[in-house]
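Q: Can we go through this model together? I'll jump around a bit.

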Amino acid sequence: MKKKKWLIVYLVIFLVLLLLFGAMSYMKPYDVPELANISVKDIEINFDKEKTFVQKAKEGTEQKTTDTNPEDLLTLSRTDAPYLYSILSELSSTDQIKYLKEAIIHSPDNHVLLNRLRIIMLKKEKTEEYITFIQGLENSNVKLHMALAYVDLLQDVDLGTAALGQRSSQSILILTEILEDNPNNLLARYARGVNNLYWPSGLQRTEKAIQDLAFCVAVAEKFPDIDFPLFESFYITYGDALMKEGKIKEGRAVWKKGLKQFSNSHELEIRNRSSEQQAMKIVEKSRGIDIFQRPDELITDLQVLWEK
């Protein structure tokens, strides 16, 4: 009888341990929000219209018949933007800017044109002019590029920490306005998270970055079968943010999960095989710790969303 009682006790202990182990296995090693009621439409990542535009531009490249004289270019800007886009490389940067502006006036919702003009003007150090130009346009897509243009301004090497903070804050303000209309807008969430990530740790912005970047990874995990080019970057950036905040175990867990999903990712592979000390150096170099770190120059280029 005594042996039977001990057997029951051991059995109970075994079942409890089994349940605990199962619960721990189910628990994520890092936090992401629940996204039970969010659809793909809600996160606004459908760029089929932009992909169609680019495809038409490629077809135009194969059938070039128009001379690049000013009158024809002006007509193209207003009536055949895909063809204009296909011959931009043949124009001077001055003409590219001129005719892209004309095309955008007639198609202010066109992400492809807005993005291309912004990147050209960034390289020519004309971002302030770009901001002034799109301020006069009325379209919801313009807001995103306005926010990204303020990030482009961070490339000015003459700016001190205070000026960098002002420009980043302006970008964050615009992105927050977008998110007030739709809190699930994925690009706005990511851009706001990245904005906050580059601030010095002492200014306590990293936790804000973590909140937005956790949402981005949650989306990537909810829709793993969607071929969205930024999902890989979400894991890299969220892991970096956690590491910067001192959450080493969680950050490395995010990188590990990301590498399982994106086994060819060079950045995730480097982070996963690094020691803790090496990993922190990677994060410090990429995101800054005690300084306001400038992001990579072309971090705001959205071309990857519609062109491969």
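Q: Where is Pro183 placed?
A: Pro183 is in the loop between helix 10 (161-181) and helix 11. Helices (H or I, at least four residues) and strands (E, at least two) are DSSP runs, numbered from the N terminus. This is a predicted model, in which local features need pLDDT of at least 70, side-chain atom pairs count only at pLDDT 80 or more, and totals for chains, interfaces and linings use all residues. Residues are numbered from 1 along each chain as its sequence is written, and side-chain values use heavy atoms, with hydrogens and water left out.

Q: What is Pro183 in contact with, leaving aside neighbours within four places in sequence?
A: Arg189 and Phe215. Contact means heavy atoms within 4.5 Å.

Q: Is Pro183 buried, exposed or partly exposed?
A: Pro183 has a relative accessible area of 42%, so it is partly exposed. Buried means under 20% relative accessible area, exposed over 50%, and partly exposed in between (1.4 Å probe, protein chains only).

Q: Change of topic: what is the mean pLDDT of the protein chain?
A: The mean is 89, and 89% of the residues reach 70 or more. Over residues 16-26, however, the pLDDT is below 50, and beyond near neighbours in sequence this stretch has zero contacts in the model. pLDDT is the predictor's confidence in each residue, from 0 to 100. Where it is low, the predicted coordinates should not be read in detail.

Q: How many helices and strands does the protein chain have?
A: 16 helices and zero strands. Of the 308 residues in the protein chain, buried ones make up 47%. Taking contacts between residues at least 6 apart in sequence, 64% join residues at least 24 apart.

Q: Which residues touch the most other members of the largest nonpolar core?
A: Leu186, Phe228, Phe234 and Tyr238, out of 94 residues in that core. Helix 12 (residues 206-222) gives the most to this core, with 10 residues. A nonpolar core is a set of buried Ala, Val, Leu, Ile, Met, Phe, Trp, Tyr and Cys residues joined through side-chain atoms within 4.5 Å.

Q: And what does Tyr238 touch?
A: Not counting residues up to four places away in sequence, Tyr238 touches Tyr30, Asp31, Val32, Ile210, Leu213, Ala214, Val217 and Val254.

Q: At what angle do helix 13 and helix 14 pack?
A: Helix 13 (residues 231-244) and helix 14 (residues 248-261) pack at about 170°, and their axes are 7 Å apart. Axes are lines fitted to C-alpha atoms, for helices over the stretch in contact, and angles run from 0 to 180 degrees between N-to-C directions.

Q: Which residues in helix 13 meet helix 14?
A: Tyr235, Ile236, Tyr238, Gly239, Asp240, Leu242 and Met243. On the helix 14 side they meet Ile248, Glu250, Gly251, Arg252, Val254, Trp255, Lys257 and Gly258. The residues of this contact divide into eight nonpolar, three polar and four charged. Ala, Val, Leu, Ile, Met, Phe, Trp, Tyr, Cys and Pro count as nonpolar, Asp, Glu, Lys and Arg as charged, and the others, Gly among them, as polar.

Q: What about Thr237, buried or exposed?
A: Thr237 is in helix 13 and is buried, with a relative accessible area of 2%. Not counting residues up to four places away in sequence, Thr237 touches Tyr190, Val194, Leu197, Leu213 and Arg287.

Q: And Glu232, what is it in contact with?
A: Leaving aside neighbours within four places in sequence, Glu232 is in contact with Phe262, Ser265 and Leu268. Glu232 also lies in helix 13 and is partly exposed at 25% relative accessible area. C-alpha to C-alpha, Glu232 and Ser265 are 7.6 Å apart.

Q: Last one, backbone: what is phi of Glu125?
A: Phi of Glu125 is near 55°, a positive value in a residue other than glycine. Most residues other than glycine have a negative phi. Glu125 is in the loop between helix 7 (111-123) and helix 8 (127-135). Gln204 has a positive phi too, near 60°, and is exposed, with a relative accessible area of 65%.
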